[in-house]
Amino acid sequence: MRIERRLVQRRWLPVAVPIGSLIVAFGAIAVVLLVTGHAPLPTFRRLFDAAFVADGAVTNTLISATPLAFTGLAAAVAFRMRLFNIGAEGQLYFGAIGAAGIALLLAGQSTWLIIPAMIVAGAALGAAWGAIPGVLRAFAHTNEIITSLMLNYVAALVLNYLIFDSLSYWRDTSATGQLFPQGKTLPDAAAWPTFTLGSVTVPFGFVVAIVVAAVVWVLYTRTRFGFETQVIGDSPRAARYAGMRTRRKIVAVLCLSGAIAGIGGASQDGDFRHVLDARGLQQANYGYTGIVVAALARYNPFATVLVAFLLGGLENAGYTLQGADFPSGLVGMMQGIILFAMLGGELLVRYRVVIERSGSVGAAEATT
Amino acid sequence: MRGVTKRFPGVVANDDVSLEVARGEVHALLGENGAGKTTLMNVLTGLYRPDEGEIEVGGRPVELHSPRDAIAAGIGMVHQHFRLVETLTVAENIALADRQAPFLLRGREAERQVELTAEALHMPVDPGAKIWQLSVGEQQRVEIMKAVRSGSRVLILDEPTAVLTPQEAQALFGTLRVMAAEGHSVVLITHKLHEVMEVADRVTVLRGGRSIATVRTSEVTRNELASLMVGRDVEPERRREPGEIGDVVLEARGLAARGDRGVDALRDVSLSVRAGEVLGVAGVAGNGQRELAEVLTGLRPASAGVVEVDGKRLRDGDPRAAIRAGVAHVPEDRLRTGVAPSLSIASNVVLKSYRGEVSRGPFLLLRRIAARAAELIRRYDVRGAVPHAPARLLSGGNLQKIVLAREFSSRPKALVVAAPTRGLDVGAIETVHGYLRDAAADGVAVLLVSEDLDELLTLADRIVVMYEGAIVGEVDARAASVEEIGLLMAGVA
């Protein structure tokens, strides 16, 4: 048995493979559920119900999906140029720090000033954090995978320092805050609005994510900047040959990626947490899940938002499903198997498995 | 081999090919690029398995599952890229392939054996020398000896003269005749007609994956063979008439540069090309020609020296400066440097001009780009090309036409062209040569780097010869002989 690169791409494969992967995943999950004494079909029903059908299900799914859309877009923007920015996690922390800081600073101002300022500050700090691996990659040829990953840990330490290990501007310094370290609550004017569509409440952040996706799409398909990133991603030699300024583009793309993740951090402050939530942000792993989102969406910005919605549903359903008779480990297992099958299936789009029977050629020759 | 068929998705690389090689003959396998020569040889050496057909060696049917089987069946192959251990000696490399070599190698004895073989084959080689000290021609001799010592009765050589000077090629042909006289069978894969006429007893012509004919070289003319190979009558190409020559456009003074491995690849190179002139650069592959083209076009920074266009100095190591100054470049590695292979043909057409009239501010005018691509595809007759298809799907010849179309349409002052016809078929070569002639006639200063001496002699006004990174001589292309250039290429003149 060998694995070969596909010489011809079939049109139906990119559609058929994800569907096939899902079927395989649910088959595997069914086996595990049976072994652990749960009925598979009702469980699947409940899963789907909790994600997309029940009262408030879509609202909750959107809450889970919003940060994934941002980190997914951040990853997609960089990966399109074959820059593997694993640092959306840290860039999101910095975006949250920046947005929380500016919101506290502008307390008492109009919400029309505070919300744009939070977005700009989140984007700026995220971009700054993304610029570090960018500059190192462009001018010192360091591997951006390693530097961006390591900077995630640095960002987490900064976050912890601001809330737990110091009396920083972000920390609640009241009596309870001294006892239980936590961030200062942001002013009410810093709370991002929501929109109601029928029974669904759409957070402002999700709308921003859709706008960002559209901007990214225009940037990458309609502008000189996007053209250059495409060429550099496909063949750096050809880009240099064509006189493109490769190094500047590397820095710019990683800044853009960091800025998008940073807006994701601002959305966490403004949409949901209303405080610089050091522990909550670190537990969520938005940055790493965003990489999965981008990969499943094949780096297409609109598909990224869609995949974020679907994965948000899976995550949201997981919270609903787990309980006394349904341990959280089982939920994690289901999510893991689905992601594993989807990503594994991607291999089949580009490669094919050839099964060789060693006797066949000999047999054919023996008869001639 | 009889009736061998090998299919790949979308193509039949070999379609019912039969080849019969007699003991003691030199048999040429002649065909254009893409005719299926390499596939056929990969079948013979066990790398591919045929979908149909059978192979016999010495009257016995054999089944070749791997290169090991092929060696056991007595089939030896000398590839274009050698498979030698650079840090070992000649004798050690040969012993590695020799199944009769004793487990514990006795150096003296092994060297003695190699000397005997070398003498028998008229191939002078020092058995104690390390591989990296040898010239490419000598390394090739080691490869041949390796095949002979491993018991090969059939020796296959894939384009063996591509890396040799004309004199080295002559010596190789002498060796092949000796081997044939001693009862070996030699298969020579080539697309060069004069080699076939010179050394082969018989020739099998492949075209479009089929074996068209097998003929005795004594019974055909060169032109008949060419027609068989191409499938239509071909006129031998006429030498380019010198045109009107103007002022110096492209000038280099005292250029030096490092190669990819950090060693000096270019030493004190000075040259100048005038408007309407074609300056040829000859040399055996790897003597600094590639680095020269890259330094002239800004792709590789120079460690010393200057490049001037119309008397103005170019910023070193900046391709955009060269493009702005009007230096167009057809790179040697067209698939990875000349185009972005996964991007569309339209994108590749505007690879250098996207900042200009096909964009407004930061935005691209996609419709104008598609129209531009469609126009160039038509004007340069790129067959089977649509603007939105990825460039990598084009054949070598059509890809080269896209690169040429892009570079010529920028109305350059100077054109640096490296190996423009390598890997192209006869029809495409004629087209590419036509474009180069037109460019020179339009007053473009053309620098043509090529390993094909016939191409240089046909197109160039003057030829400079490079050896070990330096220009070792300059000849008038109209008065020079292949022998004269060959001696310069070998670094002996």
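Select helix H8 (residues 204-222) and helix H14 (residues 301-321) of chain A: the two pack at an angle of about 155°, and their axes lie 8 Å apart. Helices here are DSSP runs of H or I with at least four residues, strands are runs of E with at least two, and both are numbered from the N terminus. Axes are lines fitted to C-alpha atoms, for helices over the stretch in contact, and angles run from 0 to 180 degrees between N-to-C directions. H8(A) is therefore roughly antiparallel to H14(A), a term used for angles over 145 degrees.

This is a predicted model, in which local features need pLDDT of at least 70 and side-chain atom pairs count only at 80 or more, while totals for chains, interfaces and linings use all residues. Residues are numbered from 1 along each chain as its sequence is written, and chains are lettered from A and ligands numbered from 1 in the order in which they are written.

Now show the side chains between the two helices. From H8(A), Ala209(A), Ile210(A), Ala213(A), Val216(A) and Trp217(A) meet Pro301(A), Phe302(A), Thr304(A) and Val305(A) of H14(A). Residues are in contact if their C-beta atoms, placed from the backbone, lie within 7 Å. Eight residues of this contact between H8(A) and H14(A) are nonpolar, one is polar and none is charged. Ala, Val, Leu, Ile, Met, Phe, Trp, Tyr, Cys and Pro count as nonpolar, Asp, Glu, Lys and Arg as charged, and the others, Gly among them, as polar.

Next, select where the chains touch. Here 28 residues of chain B are in contact with 21 residues of chain A. On the chain B side, helix H10 (319-324), helix H11 (334-338) and strand E18 (363-364) each give two or more residues. The largest share, three residues, comes from H10(B).

Move on to a sheet in chain B. Four strands form an open sheet in the order E12-E11-E14-E15, with antiparallel pairing; strands pair if DSSP finds at least two bridges between them. Strand E12 (264-274) and strand E15 (312-313) are at the edges with a single partner strand each, so one side of each has no neighbour in the sheet. Strand E11 (residues 248-258) of chain B is joined to E12(B) by seven bridges. Pick Leu250(B): which residue in E12(B) stands opposite? That residue is Val273(B).

Finally, select helix H9 (residues 289-296) of chain B, which lies across E11, E12 and strand E14 (304-309) and runs at about 60° to E12(B).

Methods. Parallel < 35°, antiparallel > 145°, perpendicular 65-115°, else oblique.
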